[in-house]
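Student: I would like to learn how to read a model of this kind feature by feature. Could we begin with the way in which packed helices are described?

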Amino acid sequence: MATLGVLYIILENFFDDDHDIVHFWSLRNSTIGHLIAQSQFASRRPYLPRITGFAEDIIIPQFNSCDFKYHFRLSREMFEEILVHIGHRLASDHCGGLVETEPTKQLLIFACYMANTESMREVSLCFNVGLATVHRIIGRTCRIIIECLANVIRWPSSAEQQVIATRFQLNYMFPHTVGVLDGTHIRLSSCPGGDPDYINRKSFPSMQLQVVCDDTLLLTNIYTGWPGSTHDARVLRNSELFTRAEAGSCIDIDKLIIGDSAYPLKPWLVTPFRDNGRLNLQQRRFNRVLSSGRQVVERCIGHLKGRFRRSREIPVHKPEDIVSIIVSGCILHNLCIIHKDDVENFIEEDGNGHPNNYPNLFRNDVNGINRRLQIMAGLP
């Protein structure tokens, strides 16, 4: 191409008439444009083979209940229930591509992406849609699920708190408990915007997810978006849960939630005694009972990440898109808990554990210290 340009410059010197020169340069530009187009077309395959009819001819008519649950981590009944709630929204806008994608196929694409660790490119090949279309479907479905189904994650009423506290007392011998608080790290493929704050103490990029769940593994509060290096206690302090609990507007006056030693003691938040090697028998027993109750939230996180494997690592770069995927995964988790959709078989250990493992950052509340002592004294 460079040789052709030099030749044109040499030839230009043989023209005397301005009209001839203009015509010459017009012909030159047209020729070079044609050659560039030919070069680009030659280097690009005119057709990318994909799997055709996978959704229409195999999944929908041929998958039995076990096949469907194995691949999508949802029962077919649960899938249909979600489709009933959001199908009209999925159908209301064209997501791209030459052919409009049916709402059922859109939800299958989204469920496949959330249930597995395959890339969007692999999903696009399986479902015979373009990569850009898959990207739009997943982002849009996340937003629609959050808009239509966010109310499945809600704080329990006073009557519900009493029921939860009674179950905690019977099952774990810990009184007044309406929820268990914990933080988990959602691994990212890279730091959004190259921000090093996303690198946690185990040296991988992550985003913090703070959760509160009840004894049935139902999420009652979630908060996400903070970079992985952030202390759990700082995430809590900046959450709406902290503001409302301090104001006494969400946790009943005689109730509490429990957490690990990364959090400060509050009248509404009880944590274990820090083991410095000098705990007495009563303190060690208190810690064992509290730890037994805290296993609930570990199983809850294990179900979220074990069932919706996208929560193990998210290869998305915009923080707002990462948050949407995390929140929609939490909503799917709660739908499975509410409908008792084969929960136990999907609980897996969270491989990331607690990457930061920071001690408590803030001063313990005096009333929180006194409340812990009162509970310890009253344990059977």
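Tutor: Let us start with handedness: a crossing is called left-handed if the near helix is turned anticlockwise from the far one by less than a right angle, and right-handed if it is turned clockwise. The model before us is a predicted one, and in it helix 8 passes helix 13 in a left-handed crossing. The contact is made by Cys142, Ile145, Ile146 and Leu149 on the side of helix 8, and by Ser324, Ile325, Val327, Ser328, Ile331, Leu332 and Leu335 on the side of helix 13. Sorted by class, this contact of helix 8 with helix 13 has nine nonpolar residues, two polar ones and no charged ones.

Student: At what angle do helix 8 and helix 13 pack, and how far apart are their axes?

Tutor: In general, two packed helices are described by the angle between their axes and the distance between the axes. Here helix 8 (residues 131-149) and helix 13 (residues 319-338) pack at an angle of about 50 degrees, with 9 Å between their axes. Helix 8 is therefore oblique to helix 13.

Student: Are helix 12 and helix 14 roughly parallel or roughly perpendicular to each other?

Tutor: An angle from 65 to 115 degrees counts as roughly perpendicular. The axes of helix 12 (residues 281-307) and helix 14 (residues 366-378) cross at roughly 95 degrees and come within 10 Å, and so helix 12 and helix 14 are roughly perpendicular to each other. Gln282, Gln283 and Phe286 of helix 12 make the contact with Arg372, Ile375, Met376 and Ala377 of helix 14. By class, the contact of helix 12 with helix 14 is made up of four nonpolar, two polar and one charged residues.

Student: How many helices and strands does the chain have, and what share of its residues counts as buried?

Tutor: The chain has 14 helices and six strands, and of its 380 residues 47% count as buried.

Student: Is aspartate 182 buried or exposed, and which side chain does it join in a polar contact?

Tutor: A residue counts as buried when its relative accessible area is under 20%. Aspartate 182, whose place is in strand 1 (residues 177-188), has a relative accessible area of 1% and is therefore buried. The side chain of aspartate 182 is joined to that of arginine 294 by a polar contact of 3.4 Å.

Student: Where is arginine 310 found, and with which residues is it in contact, leaving aside its neighbours within four places in sequence?

Tutor: Arginine 310 is found in the loop between helix 12 and strand 6 (313-314), and with a relative accessible area of 2% arginine 310 is buried. Once the neighbours within four places in sequence are left aside, arginine 310 is in contact with Tyr113, Met114, Asn116, Thr117, Glu118, Pro315 and Ile325. A polar atom of the arginine 310 side chain lies 2.4 Å from the backbone oxygen of glutamate 118. Arginine 310 and serine 119 are 191 residues apart in sequence, whereas their C-alpha atoms are 9.8 Å apart in space.

Student: How should I read a positive phi?

Tutor: Most residues other than glycine have a negative phi. In this model, phi of histidine 176 is near 65 degrees, a positive value in a residue other than glycine, and phi of serine 203 is near 70 degrees, again positive in a residue other than glycine. Histidine 176 is found in the loop between helix 9 (158-172) and strand 1, while serine 203 lies in the loop between strand 1 and strand 2 (206-213).

Note on methods:
Residues are numbered from 1 along each chain as its sequence is written. This is a predicted model: local features need pLDDT of at least 70, side-chain atom pairs count only at pLDDT 80 or more; totals for chains, interfaces and linings use all residues. Side-chain values use heavy atoms; hydrogens and water are left out. Helices (H or I, at least four residues) and strands (E, at least two) are DSSP runs, numbered from the N terminus. Buried means under 20% relative accessible area, exposed over 50%, partly exposed in between (1.4 Å probe, protein chains only). A polar contact is a pair of N or O atoms within 3.5 Å; within protein, one must be able to donate a hydrogen and the other to accept it, and residues adjacent in sequence count only if both atoms are side-chain atoms. Axes are lines fitted to C-alpha atoms, for helices over the stretch in contact, and angles run from 0 to 180 degrees between N-to-C directions. Angles under 35 degrees count as roughly parallel, over 145 as roughly antiparallel, 65 to 115 as roughly perpendicular and the rest as oblique. Contact means heavy atoms within 4.5 Å. Ala, Val, Leu, Ile, Met, Phe, Trp, Tyr, Cys and Pro count as nonpolar, Asp, Glu, Lys and Arg as charged, and the others, Gly among them, as polar.
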